[in-house]
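Hi,

Here is the structure I promised to pass on. Have a look at it first, then read on for my notes.

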Amino acid sequence: MAAPAVAWYVVLAVGILVSLSTLVALARPGGRWGRLARKRLVLGVPWGTLLVVAVVAAFYLFVQDGLANPYNPVTIPFRAWGYFYPTGVLTAGFAHSGLGHVTGNLLGTLVFGTLAEYAWSHFPRERGRSSFSSFRTNPFARILAWAGGVFAVTVLTSLFALGPVIGFSGVVFAFVGFALIRYPLSTLVAVLVSGVVTLVYNSLRSPTLQQTAAESFSRPWWANVAIQGHALGLFVGVTLAIALCYRRNVRPNPTHLWLAALVFAVDRGLWAVYIIEGSETFRLFRALGTALVFLLAALIASGAAASTRDLIASIDLSRREAAYGLVLASLFALALVAVPLNLFAVDDASAGIDDAEPTEVGDYTVFYAEDVENQFIPAVPLPGGNSTDRVNASGVIVVSEERNIWWEEVSKSRLASRGTATVRLGGLTWNEDVRANRTTWRLAGGNQTYNVRLGPAAADERSVVYRAERATADARIDGRNVSIQPVESRFDVVVSRNNDTLGRAAVPTNGTETTVGGLTVERDERDLFVERGETRVRIAQRSR
């Protein structure tokens, strides 16, 4: 490890230790925090939460191959592609898309899972009940019950999540919902603490960071958030916690609960309601989302803190029953909205493949295509739906009839921005990589042309599977037009005048030149220059 990095770690450690020492000196807790923890947790440790963290981390490291590829694990076989692929439904909640994703969720689990497990308690809360009087009150049984309940919620949030989701975040939101009902203000503090923990982790991972402003491809942050899955998890936790409070005859402070629910929902982006309008086009309904988070706060506060007074005496309906009924109805609505999408199936697995020179890996087919009709359609016709009105896909597409997959894994825009992409395929016990490369020539005036190579990542050479149309520069040299055209596995320079081709030759290698149609074409690294007499123009530039 370099000396400067060690120095930064020392600075970080000193800052944290001084701050914590100051807190201990001022607060003088005298063991109070430890006693509070031991009142509800065996030895003051959240054993169930730690067990869950260990299982999720092990799945990422060993099943997803995260140990060998921490930043690019295998994800495709573990997504919830729908009810026709049960393996994905069972594994999606445990799997993650990258090191940052799994780390964020595990840190959230440690913070919010601990608080939620504290609310659950390893020890019975009813008066007169001893810990070992029955199996139900046995602390060790309650630890296992907690972990088992968490795993059940993991599968539940995958079963009713909208689209091919992946990640443990639905369960993290369930932890928050559970803790929020019993300890609303402590949960708000935990939200801030989770930010501190994340900051410390990022500081350990990258003590210094240097970035240069550059053009990049990115989606809006809210387009990468599984908003329905997060809301579903939150309501699962809220529903279970309210039922527990009713059983233990605990009534939270409605003001604290309303404020905590509102602030958390805003902080974690539950207002970001959006729809997908195209391959890379999204629409955000900010006003609608803001209204919904205010209604969410009111719903949670009323569901947990409503009194037992009659609301409609004639049918013996209390305020509490009505409020809790609305919470349950919201949970069911969030779950049921995902059912139609999870009933999608692959219509024609061969669509777009015939002329695409696909790569076959196990039961997967990977190919590159542009403007091919999406084949992931409802297995059951939807009321008012039109199965012929589909969004076209462009990019690297992964197909597997066995796994119910037809998916644009890498969009055309993303591949154009990055130049290369690796698609990791596999199953529970195996994995193999396919790599796509796009080589682009940008011509003077903004026109561009490109080709795409695709094949096994381990191969020395990959075949060209897609060639764009010829592109012509806006600049003219002595009345001549200069174009670049993908041909087989290379690019050709084409010189023409008045639509008549004057000459054609392969783009020269770096540091060489060639004569085409009366023009001298010279290659200098990524730049392509054209000369005629005393005129010299950079006619094109290779971006990848």
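The second largest pocket holds about 500 Å³ of space; bear in mind throughout that this is a predicted model. Which residues sit nearest the centre of that pocket? They are Val111, Thr114, Leu115, Ser186 and Ala190, out of 13 residues that line the pocket. Helix H2 (32-40), helix H5 (99-120) and helix H8 (184-205) each give at least two residues to the lining.

For the overall picture, the chain has 14 helices and 22 strands. Of its 544 residues, 45% are buried. Taken along the principal axes, the box filled by the C-alpha atoms is roughly 100 × 65 × 45 Å.

Next, the surface. There is a nonpolar patch made of Ile275, Phe285, Leu288, Leu292 and Leu295, and together these residues have about 430 Å² of accessible area. Helix H11 (residues 286-305) provides the largest share of the patch, with 3 residues. Leu292 is in helix H11, and it counts as partly exposed because its relative accessibility is 38%. Phe285 belongs to the loop between strand E2 (281-284) and H11. Its relative accessible area is 31%, so Phe285 is partly exposed too.

On to the charged pairs. How many salt bridges does the structure hold? There are 13, and I'll go through a few.

Asp478 and Arg480 bring their side chains together in a salt bridge, at 3.0 Å from N to O. Arg480 is buried because its relative accessibility is 8%, under the 20% cut-off. Asp478, by contrast, has a relative accessible area of 46%, so it counts as partly exposed. Asp478 lies in the loop between strand E15 (471-477) and strand E16 (480-487). The backbone there deserves a look as well: phi of Asp478 is near 50°, a positive value in a residue other than glycine. Most residues other than glycine have a negative phi.

Glu525 shows a positive phi too, about 55°, and is not a glycine either. You'll find Glu525 in the loop between strand E20 (519-524) and E21. With 53% relative accessibility, Glu525 counts as exposed.

Back to the salt bridges: Glu488, Arg490, Asp492 and Arg504 are linked in a network of them. Within that group, Arg490 pairs with Glu488, and the closest N and O atoms are 3.6 Å apart. Is Glu488 buried or exposed? Glu488 is exposed, because its relative accessibility is 54% and the cut-off is 50%. Arg490 is partly exposed, at 35%.

The last pair I'd point you to is Asp527 with Arg538, whose side chains meet in a salt bridge at 3.5 Å, N to O. This pair links distant parts of the chain, 11 residues apart: Asp527 is in strand E21 (residues 527-532) and Arg538 is in strand E22 (residues 535-542). Asp527 has a relative accessible area of 17%, so it is buried. Arg538 reaches 45% relative accessibility and therefore counts as partly exposed.

That brings us to the strands themselves. E21 and E22 run antiparallel and are joined by 6 bridges. They form a hairpin with 2 residues between them, and Gly533 in the turn has a positive phi of about 65°. Opposite Arg538 of E22 stands Phe529, so Arg538 has a place in the strand pairing as well as in the salt bridge with Asp527. E22 also pairs with strand E12 (residues 431-443), again antiparallel, through 3 bridges. In that pairing, Trp441 stands opposite Arg542 in E22.

Cheers

Note on methods: Residues numbered from 1 in each chain as written. Predicted model: local features only at pLDDT ≥ 70, side-chain atom pairs only at ≥ 80, totals over all residues. Heavy atoms only, no water. Patch = residues over 30% accessible without salt bridge, like charges linked within 9 Å, V, L, I, M, F, W, Y side chains within 5 Å. Areas by Shrake-Rupley, 256 points an atom, 1.4 Å probe, with all protein chains shown as cover. Salt bridge = Lys/Arg side-chain N within 4 Å of Asp/Glu carboxyl O. Helix = DSSP H or I, 4+ residues; strand = E, 2+ residues; numbered from the N terminus. Buried < 20%, exposed > 50% of the residue type's maximum accessible area, 1.4 Å probe, protein only. 1 Å grid on protein atoms, 1.4 Å probe; cavity = no way out; pocket = protein on both sides within 12 Å on 5 of 7 lines; lining within 4 Å. Points joined across faces, edges and corners; volume = space filled by probe spheres on them.
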